[in-house]
Amino acid sequence: MSPLHSTPDGEGTDPPRSVPTSEPDTTPFESWDRPRTAWLLPGRCRTPRRRTLLLEATSRALFPTILVFSIYLLLVGHYGPGGGFSAGLVAGLAFVLRYLAGGSTDPGAVITIRPPVLMGVGLTISVLTALTPMLFGAPVLATAKLTVRVPLLGDLGVVTSLFLDVGVYLLIIGVVLDLLRALGSGIERDMRAAGEPI
Amino acid sequence: MSDVMTSLPTLPVLLPILGAALSVVLGTSVAAQRVVALVTLGTVAAVAGVLLVTADRSGPVVTALGGWAPPVGIALVADRLSALLLLVSTLVALAVLVYAISQRIADYGRGVASSTFYPMYLVLSAGVSLAYLSGDLFTLFVSFEIMLTASYVLITRRTTTRTIRAGMTYVTVSLLSSLLFLTAVGMVYAATATVNLADLSVRVQTLSPGLRTVLALMFVVVFGIKAAMVPLHFWLPDSYPNAPAPVTALFAGLLTKVSFYAMLRTQTLVFPHDRPWTLMLWFAVATMIIGALGAVAQNDINRLLAFLLVSHIGFMLFGLGVSDARGLSGATLYAAHHITVLATLFLVSGLIVRRTGTVALDRMGGLLKTSPALAVLFAIPAMTLAGLPPTAGFVAKLQLLQAGADAGVGPTAVAAVVILASFLTLYALVRVWVRVFWGLPAPTVEDPDPDDELGVGTARTPWPMYAATAGLVVVSLAIAAFAGPLSVVTGRAGEDLVARDGYRVAVLGSPR
């Protein structure tokens, strides 16, 4: 076991302490905190009888659309309904849908980035966006409108608060994924440990 | 003032949040997490020092977030009172962090990262800073939520059945008081159409006296619960002692004092009292006496300290009840001293428990022989808390007593209670001294539950844990040594609180 190993409550402990069962638990839930772990993928398939093909197929078709819609909400948020928070929730819901349909076996919903990292990166972006105006002698959290010339599209107006929203967007996705891990995969793991069918 | 200076009050809030975000990203590298946490809190302490000097020299430093001028925009205000308490709180948080890091290395090993401890510690610091600096009621509510949410995580981490029960009491009571807080903010907004404190202090004058009293009492109850004012203190002795020593020290030092600060701010700026405030004086008497008597009856060292914490909240309430500049100045000085000394005592108690393996006073003994350093570290803050000269506690208490004696018959009578409560405090602490440090050395008690964070690692205590505790003792001694200049600053802070115009002009641009 590497010294960097941590259990979900955040404390690294010796394996005999944290795993009360006799056989070692090899599900990714135990090692979610290790980087580059596919935490939604337990490596075994659901019982075929319990699959809901219709929902699975529909959710796979909808998944990219919902993600694109969430980015639309993120960009439009400054002038219309939307913004980083709601966009993050919508994107998170896309993952929730994949999870509901495919359980933790759905390879399309495999995340190789740790949810806490997503949260941390989002929060970092937001705080840095808040602090940046200080460098230009403006008050903290002040916004400015930049005009960017993009080939083919012409002039695009970008409000700097968009960067704050991007941070919030990542933060919220991270939170939803972490909830899925703790309340979804975690409960499945407990059920498996109790010998109940999933 | 330069642009950078006006933006300075945002740093004590934003830097810890940035630090928390970075330490989540660096979740696998514990060395980086430690550096980030220490550097962040060190920087915040420096910023708080600059803010205190600036606020004392040239008046409150006000930041209008995003350039939106108050009362429409959110204002962060650092005046003498908030900058002083911010500085003391950050120094305490820094010392407790050093203690916690050293304890974690000793108990879990050098390489063990945590995805919750450091981020939550920094988020809690951010909440505390925001509470001191916020210039409007709603931001104050948000800051309490930031602070409390982080504290829920810190108090229920690595839980056992016993600690989760204690944690549930804490979470339930805190949620209830937050709900009341939000209701009170809503009522204030409905009545006055503003939540900006400076604006509010002008607009509440148009309300009927009855409505004003109801609103004022709502805030007394809300902050009374959070500050553990008797009879709303019941949750504190049950919850704080069940957390690990550094967490208890952090909570005992900071959280109740932040609530007292919020009470002080609202009750002086928005709902001021011209004469001594009889109701608050009664609360002060009850808090001092019931807290001290509760402490005398305890056998668990942490519960004893928790009751003393409650008792000494009463001393600050007394200063608030006197309601003149000197009373408020005394309360401010007392709060600054109390933050340091309570955190120190809980850290010392943590060191004692590491040696003895138990919190029960009747199972300890003879530590004076086996660990004289610990005896010194306990004796100095104990004398400070009891208020023996020449410690900081004596200086602060003397100010309160003088203010009380000059303010009329009622406050003078309460001043007598202050002396009585000080004697009870001394008695309770002497009991600890006799039981723990005198007598025959008792055998170390085995840790009944090695999995929880309480009483872990009874064998080794690394020197940085002693050093951090000693550092806090030095801060406390420095408060006594520099009592002269410090009481000049708190005296001006007390006059600011009574005059109110300086705060209004700084935030709104005119006293109106």
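**Exercise 1. In this predicted model, how many residues does the largest nonpolar core have, and which residues have the most contacts inside it?**

Solution. The largest nonpolar core comprises 223 residues, and those with the most contacts inside it are B:Val96 and B:Leu347. Turning to the contributing elements, helix α4 (residues 80-108) of chain B supplies the largest share of this core, namely 18 residues. As a further step, consider the surroundings of B:Leu347: leaving aside residues up to four places away in sequence, B:Leu347 touches B:Val96, B:Tyr99, B:Ala245, B:Ala249, B:Ala468, B:Thr469 and B:Leu472.

**Exercise 2. Describe the order of elements in chain A and its share of buried residues.**

Solution. Chain A holds 5 helices and 2 strands, and read from the N terminus on, these elements follow the order α-α-α-α-β-β-α. Of the 198 residues in chain A, 35% are buried. Among the contacts in chain A with a separation of 6 or more, 67% are between residues 24 or more positions apart.

**Exercise 3. Is strand β1 (residues 145-150) of chain A largely in the open or buried, and why?**

Solution. A residue counts as buried if 20 or more other C-beta atoms lie within 10 Å of its own. By this criterion, the number of buried residues among the 6 of strand β1 of chain A is 0, so the strand lies largely in the open. Next comes its pairing: β1(A) and strand β2 (residues 154-159) of chain A run antiparallel, paired over 6 bridges, and A:Val150 has A:Gly154 in β2(A) as its bridge partner. Finally, the hairpin of β1(A) and β2(A) has 3 residues between the strands, and in this hairpin A:Leu152 adopts a positive phi near 75 degrees.

Notes. Residues are numbered from 1 along each chain as its sequence is written. Chains are lettered from A and ligands numbered from 1 in the order in which they are written. This is a predicted model: local features need pLDDT of at least 70, side-chain atom pairs count only at pLDDT 80 or more; totals for chains, interfaces and linings use all residues. A nonpolar core is a set of buried Ala, Val, Leu, Ile, Met, Phe, Trp, Tyr and Cys residues joined through C-beta atoms within 7 Å. A residue is buried if 20 or more other C-beta atoms lie within 10 Å of its own, exposed if 12 or fewer, and partly exposed in between; C-beta atoms are placed from the backbone. Helices (H or I, at least four residues) and strands (E, at least two) are DSSP runs, numbered from the N terminus. Two residues are in contact if their C-beta atoms, placed from the backbone, lie within 7 Å. Two strands pair if DSSP finds at least two bridges between them.
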